[in-house]
Amino acid sequence: MAARIGAVIAAAVVLVLALGTPASAHGGAAVTIRSDGRGSVWITAQWQDGHPISEPTTVTLTAAAGDASIAPAVLHQTGDERGTQTYTGTLAPGSWHVSIDLGPPVTGHCQALIQVTTASATPLPAEVACLIPATAPSTSTSAGGSLTPLWLTLAALAVAAAAIATVRLRRRA
């Protein structure tokens, strides 16, 4: 009987640990810098397996056009199914070199040349895609790791402890 309980506990722990999928299991990211040609800039970010990047990801945008520049600005996640993050400002008319830097769990860089037209001109929407290779999974929760595998493991161990206690109580009775 104890061997069966041990096997169940071992299987539960293996199953729980297998459920915690690191970002690298998605195979990297596909990030697209987008602009409507009128000054709005946003990105869409998906894992290369097609799942949106829904984990909190810090994305910083910088942009320069001639003498003008945008100080590093953090993009805001919209929570949609495409992994959209938006720049809350707008770029002035001109030719802008836009760069984005993504933090964990993606960790990468992408850049694009964006043309912003005046209100009277026809806008030139832009989409520039970048492939970002998978990075090694983080072991530090402060660097963006998830506590889900830990909590699931603790739950499995609690269930196993309850099963052992039940067996011992039945043997005594």
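Colleague: Which cysteine does a disulfide join to cysteine 110?

Modeller: A disulfide is a covalent bond between the sulfur atoms of two cysteines. Here cysteine 110 is joined to cysteine 130, S to S 1.9 Å; the criterion is a pair of cysteine sulfur atoms within 2.5 Å, and by this rule the count is one disulfide. Cysteine 110 sits in strand S8 (residues 108-116) and cysteine 130 in strand S9 (residues 126-132), so the link ties together parts 20 residues apart in sequence. Strands are DSSP runs of E, at least two residues, numbered from the N terminus. This is a predicted model, in which local features need pLDDT of at least 70, side-chain atom pairs need pLDDT 80 or more, and totals for chains, interfaces and linings use all residues. Numbering starts from 1 along each chain as its sequence is written, and side-chain values use heavy atoms, without hydrogens or water.

Colleague: Are cysteine 110 and cysteine 130 buried or exposed?

Modeller: Buried means under 20% relative accessible area, exposed over 50%, and partly exposed in between, with a 1.4 Å probe on protein chains only. Both cysteine 110 and cysteine 130 are buried.

Colleague: What does valine 98 contact?

Modeller: Contact means heavy atoms within 4.5 Å. Beyond neighbours within four places in sequence, the contacts of valine 98 include Ile33, Leu61, Leu91 and Cys110.

Colleague: Where does threonine 57 lie?

Modeller: Threonine 57 is in the loop between strand S2 (41-47) and strand S3 (59-65). The residue is buried, at 7% relative accessible area. Leaving out residues up to four places away in sequence, threonine 57 touches Gln77, Gln85, Gly103, Pro104, Pro105 and Val106.

Notes:
Helices (H or I, at least four residues) and strands (E, at least two) are DSSP runs, numbered from the N terminus.
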